[in-house]
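Hi,

Here is the structure I said I would pass on.

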Amino acid sequence: PRKIIIDTDPGQDDAVAILLALGSPQEIDLLGITCVAGNVPLALTQTNARRVCEVAGRSDVAVHAGRAAPLRRPLVTAEHVHGKTGLDGPELWEPTMPLAEINGVDFIIDTLRREPAGTVTLCPLGPLSNIAAAFEQAPDIVERVQEIVLMGGAYFEVGNITPAAEFNIYVDPEAAEIVLTSGVPVTMMPLDVTHKALATRTRIEAIRALDTRVGHFTAEMLDFFERFDVEKYGSEGGPLHDPCVIAYLIQPELFSGRRINVMIETSSDLTLGMTVADWWGVTDRAANALFIGDVDSDGFFALITERLGRL
Ligand code: BDR
Ligand code: CA
């Protein structure tokens, strides 16, 4: 199985991504979860990550708290999408599993130094603050990363937090720039693909029909999560952004994209955090990312439902 660290800000869709990884031990060896401030502040994201592990009966997973803020900016959150707790929907409880003592940024550094070079994949599902902080603190780890598969950015689908920017990149554009210029192979799941991965009513009901604790918990999260897109945009369901990252590691053939150059806007107020993606190859800038544009959404939901059913 592929060794990964999930870096996350749960977030209902982050939660489904974690569950998908935990349900796929043959393909995924989850070394640990590092939490970051994003959808909601860090105190909530690290609590939510522990709740998700407990739902899956996996209180043994190491959950670390990382950065409470972006590298050089104040935090912007998204309670309007995820609710006050970040995980609105199911009834929530105080988790009993402990938070790991070591800081999330240090955990990323230590793990990359300890494991053989080229064997650990980073899976960022929130703002890139922890990853960039680790790269800045310990430049020696950069070349040891196997790959970064992240959720973030947008090109044809433009923005979801501003007209120009996707949330994860907008919140910490300097961190995103550090990651995209690091030289590490990057695969990006932008809104272009995640807006094709919609949790429709039928798909949510299939998950509820698992009739397990994980199935009910997930369906209740998605009942809440879809309201935003369905009510505001008349969409058929909420986009399941973050699970695309994990599904790609399990079944890459579900996805397609292009290897292109992507640059991050870090100064303009108007387009801050925009992922300027050279999809048509109109510059001679070298490719630095595999930018995913399409997904077999039925195959994607079949995979999620089946793997959640194993928990
Ligand atoms: C991203 O932002 C968050 O709201 C989601 O969890 C996802 O990671 C989508 O723009
Ligand atoms: Ca997220």
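**What turned up**

In H7, the buried residues are Pro173, Ala175, Ala176, Ile178, Val179 and Leu180, where buried stands for 20 or more other C-beta atoms within 10 Å of the residue's own, exposed for 12 or fewer and partly exposed for anything in between, with C-beta atoms placed from the backbone. That is six of the eight residues of this helix (173-180), so H7 is mostly covered. Helices (H or I, at least four residues) and strands (E, at least two) are DSSP runs, numbered from the N terminus.

Before going on: this is a predicted model, with local features needing pLDDT of at least 70 and side-chain atom pairs counting only at pLDDT 80 or more, while totals for chains, interfaces and linings use all residues. Residues are numbered from 1 along each chain as its sequence is written, and chains are lettered from A and ligands numbered from 1 in the order in which they are written.

Back to H7. Its buried residues pack against helices H5 (129-137) and H6 (167-171), plus strands E5 (145-151), E6 (186-189), E10 (262-264) and E12 (289-295). Take Val179: leaving aside neighbours within four places in sequence, it is in contact with Leu128, Ile131, Ala132, Ile148 and Val186 (contact means C-beta atoms, placed from the backbone, within 7 Å).

Val179 also belongs to the largest nonpolar core, which has 102 residues; together with Ile6, Ile18, Leu19 and Val245 it touches the most other members. Such a core is a set of buried Ala, Val, Leu, Ile, Met, Phe, Trp, Tyr and Cys residues joined through C-beta atoms within 7 Å. Helix H1 (residues 12-22) gives the most to this core, eight residues.

How do H1 and H11 (residues 243-250) sit? Their axes come within 7 Å and cross at roughly 20° (lines fitted to C-alpha atoms over the stretch in contact, angles running from 0 to 180 degrees between N-to-C directions). The two helices are therefore roughly parallel, a label for angles under 35 degrees. On the H1 side the contact is made by Asp13, Val16, Ala17, Leu20 and Ala21, and on the H11 side by Pro243, Val245, Ile246 and Ala247.

Lastly, Phe224 lies in helix H10 (residues 213-233). With 17 other C-beta atoms within 10 Å, Phe224 is partly exposed. Beyond four places in sequence, Phe224 is in contact with Gln12, Gly83, Asp88 and Gly89.

Cheers

Methods:
Contact = placed C-beta atoms within 7 Å. Parallel < 35°, antiparallel > 145°, perpendicular 65-115°, else oblique.
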